[in-house]
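Let us read this model together, one feature at a time. Please look at the sequence and the fold before we start.

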Protein chains: 2
Amino acid sequence: MPRQVTAFSNATVKRLRSLRDKKARRSEGLFLAEGLRIIAEARDSGRLPEIIAFSAEGARHPLCAEIIAATEAAGGEAIETAPDILAKMSGKDNPQMVLGAFRQPDTALALIDRNAAPLWFVAQALRDPGNVGTILRTGDAVGAGGLILIDDCADPFSVEAVRSSMGAIFTQQVAAARWDEFLLWLRSGAGQLVGTSLQTDSDYLDATYKKPCFVLIGNEQHGLPEEYEAQCDLLVKLPMLGRADSLNAAVAAAVMGFAVRASWRGGAEPTGRPRFVPA
Amino acid sequence: MPRQVTAFSNATVKRLRSLRDKKARRSEGLFLAEGLRIIAEARDSGRLPEIIAFSAEGARHPLCAEIIAATEAAGGEAIETAPDILAKMSGKDNPQMVLGAFRQPDTALALIDRNAAPLWFVAQALRDPGNVGTILRTGDAVGAGGLILIDDCADPFSVEAVRSSMGAIFTQQVAAARWDEFLLWLRSGAGQLVGTSLQTDSDYLDATYKKPCFVLIGNEQHGLPEEYEAQCDLLVKLPMLGRADSLNAAVAAAVMGFAVRASWRGGAEPTGRPRFVPA
């Protein structure tokens with residue numbers, strides 16, 4: 001049976017709240033996910049929280065009640081609490097009816113089976129957790145296997161990244177590695193490393209993408225370092241028709257992800273260029 | 001000559017700081033842009049701030065000094081101040097060396113010349129200012145004319161939206177309108193209204209996009225209302241290969257924007273599908 005918790009000073013409340021900080025996430029090995037939608041997504045992907053906290057409204061909701069029961073049946077802890085305590089845990093004025101603390105998966109590169117998906121995202125020094133989460137979300141949409149984070153990236157298990165991922169944190173694999181380590185791993189098997197660059201004439205629509213394709217996205221401010229570009233098997237250019245010379249990192253990942261996928265569709269067409277439409 | 005300002009209580013400091021609030025922006029008719037890159041972008045687009053505030057570092061920077069001089073020559077106000085005061089104005093711990101208050105452009109729909117560009121973004125009830133700014137940034141990249149904001153959207157002149165736009169707030173036209181008003185305007189001339197939807201079998205790669213093309217993006221939580229979808233000339237589906245049924249709004253706009261642009265390129269190709277690449 002779930003316990004009723006009414007005090008901010010309750011140990012479980014404090015523990016959940018601490019997970020907004022990276023240090024606590026690391027030492028506990030847990031991360032927070034908020035909202036029934038994402039927690040149901042987790043359950044459907046075979047993941048249950050180790051701790052679940054919910055409001056009276058959550059307890060009354062059939063799907064939420066089912067997940068609470070499953071969490072307890074699996075040995076997890078369940079607490080019913082007040083909306084203002086939930087708000088304090090999630091840091092949102094407008095809290096969800098439920099949140100859960102999930103075990104962080106192992107992010108070792110060696111756990112990635114590159115042949116499990118034709119497409120992978122690789123992000124280098126991405127600093128915005130919203131971008132990390134959004135790339136995970138896009139990865140789910142384009143059937144990517146996951147996201148490999150290179151060098152110092154925003155924590156994919158931060159509340160902001162998990163929120164932006166809209167549940168994809170549970171369906172996409174996440175790995176973290178230094179660049180050298182990644183390159184060693186990459187070159188130990190099949191894989192085309194594709195970077196976007198202004199230093200090439202290869203249009204992204206004319207390129208030949210090979211499976212498994214690793215789409216490399218650079219830091220928000222600085223893009224990819226030159227020596228990283230030099231390691232790519234293919235550099236492609238996204239046409240920039242305006243004054244700016246770059247896209248938002250999550251946008252660039254998405255445009256590339258959809259383009260790579262599109263290039264693998266159809267069959268009889270002789271060219272990568274979409275048809276001309278007089279208009 | 002720029003004035004030296006050392007007090008947080010200075011009237012210009014307080015006025016600039018107030019522009020972080022929408023009410024003040026509206027009553028003043030001004031908005032804030034931070035950083036030399038974006039302020040130089042503004043200048044290159046023919047826009048100078050009415051007030052410019054900068055650090056000693058800014059005063060020493062040749063390009064910054066040039067823009068300060070141009071601002072004063074045009075009758076604007078220039079103040080040199082301390083980094084901590086700049087930080088207070090921008091709300092950032094790590095302030096830029098310069099920020100400017102610019103006159104907000106008129107956002108009347110009637111000011112849009114639809115034939116000035118082949119592509120326009122239209123956003124409905126978009127709540128995240130980062131998404132609004134990111135769509136402006138993408139609009140610049142794909143040669144869009146601008147962004148039309150429908151119903152209650154995040155303020156495109158908020159600090160967050162301006163920051164995310166990376167200068168595109170100065171190169172993209174911005175309009176705001178109610179849905180009925182927009183439809184009346186749209187139907188008074190040429191224009192194809194394109195929505196993304198799960199309720200269609202039309203793949204986004206197979207569609208025929210006509211100029212001027214208006215790409216309609218729905219609210220982050222709810223997507224497009226059904227009655228809005230019903231008004232579209234074309235509904236297309238972005239394939240979703242994973243568990244999720246939606247993309248981040250700015251990502252959806254970008255994938256559509258690049259796809260529409262791609263469909264207009266080339267000439268001899270018989271199909272919208274990129275070529276098949278065995279891999």
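**Reading the model, feature by feature**

A: Start with a loop: Pro212(B) sits in the loop between strand 9 (192-196) and strand 10 (213-217) of chain B. Helices (H or I, at least four residues) and strands (E, at least two) are DSSP runs, numbered from the N terminus. Residues are numbered from 1 along each chain as its sequence is written, with chains lettered from A and ligands numbered from 1 in the order in which they are written. This is a predicted model, where local features need pLDDT of at least 70, side-chain atom pairs count only at pLDDT 80 or more, and totals for chains, interfaces and linings use all residues.

Q: What kind of peptide bond joins Lys211(B) and Pro212(B)?

A: The bond is cis, with omega about -10°. In chain A, the peptide bond from Lys211(A) to Pro212(A) is cis, with omega near -10°.

Q: How should I read confidence, and what pLDDT does chain A average?

A: pLDDT is the predictor's confidence in each residue, from 0 to 100. Where pLDDT is low, the predicted coordinates should not be read in detail. Chain A averages 92, and 95% of the residues score at least 70. Over residues 267-279 of chain A, the pLDDT is below 50. For the complex, the predictor gives an ipTM of 0.92 and a pTM of 0.93.

Q: How do I describe two packed helices?

A: Use the angle between their axes and the distance between the axes. Axes are lines fitted to C-alpha atoms, for helices over the stretch in contact, and angles run from 0 to 180 degrees between N-to-C directions. Here, helix 11 (residues 249-263) of chain A and helix 11 (residues 249-263) of chain B have axes that come within 9 Å and cross at roughly 50°. That makes the two helices oblique to each other (under 35 degrees is roughly parallel, over 145 roughly antiparallel, 65 to 115 roughly perpendicular, the rest oblique).

Q: Which residues meet there?

A: In contact means C-beta atoms, placed from the backbone, within 7 Å. Ala250(A), Val251(A), Ala254(A), Val255(A) and Phe258(A) meet Ala250(B), Val251(B), Ala254(B), Val255(B) and Phe258(B).

Q: Into which domains is chain A divided?

A: Domain bounds come from an automatic or database domain assignment. Chain A has domain 1 (3-103) and domain 2 (109-263). Their C-alpha centres lie 31 Å apart. The contact takes 15 residues from domain 1 and ten residues from domain 2 of chain A.

Q: Where is Ala125(A)?

A: Ala125(A) is in the loop between strand 6 (119-124) and helix 7 (129-141) of chain A. Ala125(A) has a positive phi of about 50°, although it is not a glycine.

Notes:
Two residues are in contact if their C-beta atoms, placed from the backbone, lie within 7 Å.
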